[in-house]
Amino acid sequence: MIFMDVFCSICENKDFRRVYAKGRSFVSPCLVTYVLKNRSGDLRMGITTSKKIGNAVKRSRSRRVIREAFRMLAKEVRPGYDLIFVARGKTPTVKSTDVCRAMSRQLRDAGILR
RNA sequence: CGAGCAGGCUGGACAGCUGCGGGCAAAGCCCGAAAGGGCCUGCCUGAGGAAAGUCCGAGCUCCACAGGGCGAGAAUAACGGCUAACGGCCGCCGGGGGUGACCCCAGGGAAAGUGCAACAGAGAGAUACCGCCGGGUGCAAACCCGGUAAGGAUGGAAAGGCGAGGUAAGAGCUCACCAGCGCGCAGGAGACUGCGCGGCUCUGCAAACCCUAUUCGGAGCAACACCGCAGAGGGACAAGAUGUGUCGGCCCGGCACGUCCCGAGAAGGUGGCAUCGAGCCGCGAUGGCAACAUCCGGCCAAGAUAGAUGGUUGUCCACGACAGAACUCGGCUUAUAGGUCUGGUCGCAAA
RNA sequence: GGCCCGGUCGUCAAGCGGUUAAGACACCGCCCUUUCACGGCGGGUUCACGAGUUCGAAUCUCGUCCGGGUCA
């Protein structure tokens, strides 16, 4: 089961498959990030919380934490990329500042931070 | 004080900053020919007791507002009531458990029929292995014939239980009590209970098939309705009777549609849908043991469409369990840290 | 969101309520062989979990937990 969230544009399932197949990935215990340059020039973002995370409460919690972390970093990110954040098992038990730290490190490794 | 029982309520709080969904308002700005859309600002509002499982019952929508016959299937099961309805709830009867408060029960029918009861055991509605008693043969051990089912052994279950009389030994063979069956009387709305009499009886399993009584049309908001976009090419059959679809199976009957095959393309949006209702609240009043009903007063409370309640800081405490609406209600079941209130019970101590 | 199926050793699976739950492949131990393979012998199953019906449940009934399928 896949959930998506919109920041600047929508993500559909074909976009998810494209980013998974062609994008670069960065891994940490509470977050996995996929990055792929797109043609539209917009910044697009999607979140995946699989059923492995837990029940509906834990999946919602993971989505909120990731969305808040991205909201704090969004102005630092250069546009023109599709980003997908995948929640992991520790995500629902962790603070959004921790997710934010992991996310900024991964985006810096990807080289798309201003 | 300790232990335990039943029922109800609650399900972290406050403040600052910063974010999200919905609604309303009006000033400004942007896009547009207009209708309108977007941004910004302010105000209001924003998950649960189980939102869960999808186990029942309904509303709503479409198929014919649900038709006749046959067949099949499913569900329920003491009795009386409540409810829109229910497999739910309340009361009560019967049975079981607990010292008790109280709890549990799919609780119709086994003399309508069929079937099963492995192993053990002589025998599982049919009998005699060891016994007991009488008679016969035999020196004896033992054997044969007959009676009997009290005792032993096996089993979950052994032909009503137990005691007395009776007898060759025994047996409801006779009697008292208890259990079961039938009849009568009394009480009760009824299930049933109590009393009396009679004959002397019959295992268990129907969550085995089945029988009896009652109920049940199907599908489900991904139902369905409307709008828009795209595509509509080729072939065969038929020209009032067939075919197809639908009424979960068949027949009758009804309704709708020309039908079928091959091929190509497709994109979604709006309503349904958000409270005006079998609605919620009240230590309200009346009736009722209660479930509940009637009346009175007050209230209008999420509505997304990849899916909204978050983050962070500080203070406090019991350090926060189970867990997130997706068409809507009434129940049931399952998960659940604690806190709190009310009413009974048992034990100990005191008065 | 709705509606349907299923759960038996590691895997594939049989199993009319009644013995110690058949088999096959795999695994482990022993024997055979100089060694391996083949062959022979032996071993291992809370019948997903919890209740109930029954004398007795893998089987029948109910409830949980998993795993599938299907509907735009």
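Let's start with Asp 98, which is partly exposed at 28% relative accessibility. On that scale, buried means under 20% relative accessible area, exposed means over 50%, and partly exposed lies in between, with a 1.4 Å probe and protein chains only. Asp 98 sits in helix H3, residues 96-110; helices here are DSSP runs of H or I with at least four residues, numbered from the N terminus.

A word on the ground rules: this is a predicted model, where local features need pLDDT of at least 70 and side-chain atom pairs count only at pLDDT 80 or more, while totals for chains, interfaces and linings use all residues. Side-chain values use heavy atoms, leaving out hydrogens and water, and residues are numbered from 1 along each chain as its sequence is written.

So, which residue does Asp 98 form a salt bridge with? That's Arg 101, with the closest N and O atoms 2.6 Å apart. By salt bridge I mean a side-chain nitrogen of Lys or Arg within 4 Å of a carboxyl oxygen of Asp or Glu. Because Asp 98 and Arg 101 are three residues apart in helix H3, about one helical turn separates them. Arg 101 counts as exposed, at 51%.

Searching the whole structure gives two salt bridges. Glu 68 also forms one, with Arg 71, and there the closest N and O atoms are 2.9 Å apart. Both of these residues lie in helix H2, residues 56-73, again three residues apart, or about one turn. Glu 68 is partly exposed at 29%, and Arg 71 is exposed at 52%.

Conventions. Chains lettered and ligands numbered in written order. Helix = DSSP H or I, 4+ residues; strand = E, 2+ residues; numbered from the N terminus.
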